[in-house]
Amino acid sequence: MNRITQLFEQKKNNVLNIYFTAGYPQLNDTTTILKALDESGADLVEIGMPYSDPIADGETIQHANQVALDNGMSVKLLFEQLAGIRPAIKVPILLMGYINPVLQFGIEEFCKKCQEVGVDGLILPDLPADVFEENYKVIFEKYGILNIFLITPQTSETRISHIDAISEGFIYMVSSASITGAKSGISDEQEAYFSRINAMSLKNPRLIGFGISDNATFTKASSHAAGAIIGSAFIKVVTEAKDLSADINAFVKSVKGE
Amino acid sequence: MTTAQQYNVNEKGYYGEFGGAFIPEMLYPNVEELKNNYLSIINDPAFKAEFDALLKDYVGRPTPLFLAERLSEKYNTTIYLKREDLCHTGAHKVNNTIGQALLAKRLGKRRIVAETGAGQHGVATATVCALMGLECIVYMGEIDIERQAPNVARMKMLGAEVRAAKSGSKTLKDATNDAMRHWINNPVDTHYIIGSVVGPHPYPDMVARFQSIISEEIKWQLQEKTGTTNPDYVIACVGGGSNAAGAFYHFLDDAQTQLVAAEAGGHGISSGFSAATTFLGKPGVLHGSRSILMQTEDGQVVEPHSISAGLDYPGIGPMHAHLFDTKRAKFFAITDEAALKAGFQLSKLEGIIPALESAHALAALEELGAQPNETVVVNLSGRGDKDLATYMKHL
C-alpha cells in the first residue's frame, strides 16, 4: 500500500507535514534534512523541487528555490540524492514542484523514478486537474504515485466535490487566498471556511497549509482537519540552523508540543 | 487548405498543442470567471460601442497606414507602415488595456494589477485606470525601472503605484510572476491586465481580439490605397507577441499574405545573450500556458537578453508558437545591432523615430527579399521617445 494512504489509515489527526527545498541551504543538505525530519517525528515530508519561477510561493521559498538552483540543484540530481534512502527512511515522501521541470524530465520517466527511490506522491500546483485526468492519471497509477490537489477559500463546492472524487491520500487545503509565507495565524473567517469544508463530509482527509508556523497555529489547524503543513517557517529554521539535525529536531518537537 | 479555425484558439483554449490554463488552484476561480464571461461581454453591442468610441476619440484610431516612399525606394519594394506609434500613450498596448479595463468594470473589479517590461503596457494600464477611476498597481523589473525611467515617471504621474520585481532576472518575466502573486493574494476585487498574448486561456485569445483592430484597419486602409485588402507580407516584432497577434489576426486565414515575426536576437542567437525564443526554445509551460520557452535541460526558465525591454521575454504567446510550428509565420532573429541600425535608418529616411521593439520589425526588411511588385506592411508598434537614451549611446 502507498505509504501516504497507510499513514492516513493509521493517523486521523495531528498529522504534521513539513516542506523543505531540495539542495538548500547547501546542495547536499537534502538527505540530512530528510533524515532529521524522519527521526524527529514528522509524519509526512514534502520535498520542494526548486524552480526559477515559483508563482505560488512567497519570498522565503522563492529565495530558497533560487539558492538551491544556484547551488546546482536539479530534478536529476534530486533522484540521485534520494537513491537508497529506503528502507532506512520510514516517513512518506511527497515531491512538490512546478510542472515544467517535470514535463522536461518526462512524466512517465519521472513517475518511474519516484517509484524507484520511494517517493509516494506529488504536488504540482500548476498542473490542472483536467489535464491530469486526461493525460497523466493512468501513468501516476501505473507507478503507484498519488497526485495531491489543492483547494482554497475561493474553490466552489462543485469543484471541491470533483477534486475529492479524483483525489487519493489527502487534499491540500490552502488556508487563505495567498501565496506561501504571506500571512501568519488563523482568523475567524478562515475557521468558518474550515468548518464549511468539514460539513461537506469529503472522503479524503485534509491537511491545512499556508500560515502554519508553530505549535499554536498547528494545534488550531489540526482541530479543523487531519493535520497541517509547515513550509516557510521551516525554511527559516534551516536557513538559520547552526546544527541542522539538532535544530530540526527541536523545531518539530516544539510544533508538536512535545 | 487552411481555415482561420486552424490558427485560432479552440474551445479548450489551445492553439494546436499550445495554450491551455496551467495555473495554481488559487487562480482557478478568477480565470474561470474570465473564461465564462469574456466572449459574451466582448460581443455585447453596448460593450462594443463603448470600446469603439474610446478607440476613436481617446486613442485616436484609426491609426494611419503610411506609404513610406523613401524606405520603399531603399528596399526596392512597396512598404506601408501601420502607425500604432501614433496611438495615445505611444504604442499599440492601449488597445488592449481599454478593452480589459472595460471588461474588468463589468466584472465588478475595482483594482487593476499589471506587469510591464518597457513600461509601455504599464503606462497604457495606468492611463486607462486614471480614465476609468480604477486603482492601479504595476509590477516592473528592477532593471527595467532603471532603463525605462521616463515611463516610470509617467505611470506615477498617472496615479499608478509602481512596484519593483526583484527576483530572478529582474525583468518582464519576474514582473509577470509578481503580478500573478499579487492576483493570488487579491482574488476577489482585482483584475489582472496581462499586456501580451501570453498567460492562461482566455488571456491570449482575449488580448488578440482587442489588438485585432490593427489588422482590421490594415485591410480596409490597404483596399482604399491599393485596391486590394491583402499585402504580400505583414511584419511585426514578437516578444510575447501582442502587436504581432493584432497585425496578423485578420490575415491568419489568408495564405497569400506571408506573416513575418521578428524576434530579439540580442547579441546573436548563439551568444548566450538572446531572446529569440523560437530559435532557442522548446515546448514548455510558463505563466499559465504551454508554449515555446527558452529553458535549461532541467526545465528552468533561461534569462533572456534584448536591448529592447519589451522583447526581453523567454517565451512567446501560444498562438505564435502554433504559427511557428505550422510554418504559417516566418520567424527572424534580429540582433540588437541590426535593430539599432533600422531605428536610425527610419528616423533619417522617414522622420519617424521607432521604438526599439518596432525597430526589430523594420530590420527584418533586410532579410525579407521583397520584390519590386510586392507590398509589405510593417507594424510600427510604438514610438521611440522612451528609447532615446539607448539610441544616444549608439549614435
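A residue is called buried when its relative accessible area is under 20%, exposed when that area is over 50%, and partly exposed in between, with a 1.4 Å probe and protein chains only. By that criterion, 61% of the 258 residues of chain A count as buried. The structure is a predicted model, in which local features need pLDDT of at least 70 and side-chain atom pairs count only at pLDDT 80 or more, while totals for chains, interfaces and linings use all residues. Residues are numbered from 1 along each chain as its sequence is written, chains are lettered from A and ligands numbered from 1 in the order in which they are written, and side-chain values use heavy atoms, with hydrogens and water left out.

Chain A contains 12 helices and 9 strands, where helices (H or I, at least four residues) and strands (E, at least two) are DSSP runs numbered from the N terminus. Its radius of gyration is 17 Å, close to the 18 Å that the globule rule gives for 258 residues, so chain A is as compact as a globular protein of that length; the radius is taken over C-alpha atoms, and the rule is 2.2 Å times the number of residues to the power 0.38. The C-alpha trace of chain A spans about 45 × 40 × 35 Å along its principal axes. Among contacts in chain A (heavy atoms within 4.5 Å) with a separation of 6 or more, 73% are accounted for by residues 24 or more positions apart.

Chain B has 17 helices and 14 strands, and its C-alpha atoms fill a box of roughly 55 × 45 × 40 Å, taken along the principal axes. A compact globule of 395 residues would have a radius of gyration near 21 Å, and the 19 Å of chain B agrees with this. Of these 395 residues, 65% count as buried, and among contacts in chain B between residues at least 6 apart in sequence, 74% join residues at least 24 apart.

B:Asp144 is found in helix α7, residues 142-147, and is buried, with a relative accessible area of 0%. Leaving aside residues up to four places away in sequence, B:Asp144 touches B:Thr116, B:Gly117, B:Lys170, B:Thr171, B:Leu172 and B:Ala309.

Where the chains meet, 32 residues of chain B are in contact with 37 residues of chain A. The area buried between them, meaning the accessible area (1.4 Å probe) that two parts lose on being put together, summed over both, is about 2,700 Å², of which carbon and sulfur atoms give 54%. B:Glu25, B:Met26 and B:Arg181 supply 24% of the area that chain B buries against chain A, more than any other three residues. B:Tyr14, in strand β1 of chain B, residues 14-15, touches A:Val131 as well as residues of chain B, among them B:Asn8, B:Gly19 and B:Phe22, not counting residues up to four places away in sequence. B:Tyr14 and B:Asp205 are 191 residues apart in sequence and 9.6 Å apart in space, C-alpha to C-alpha.
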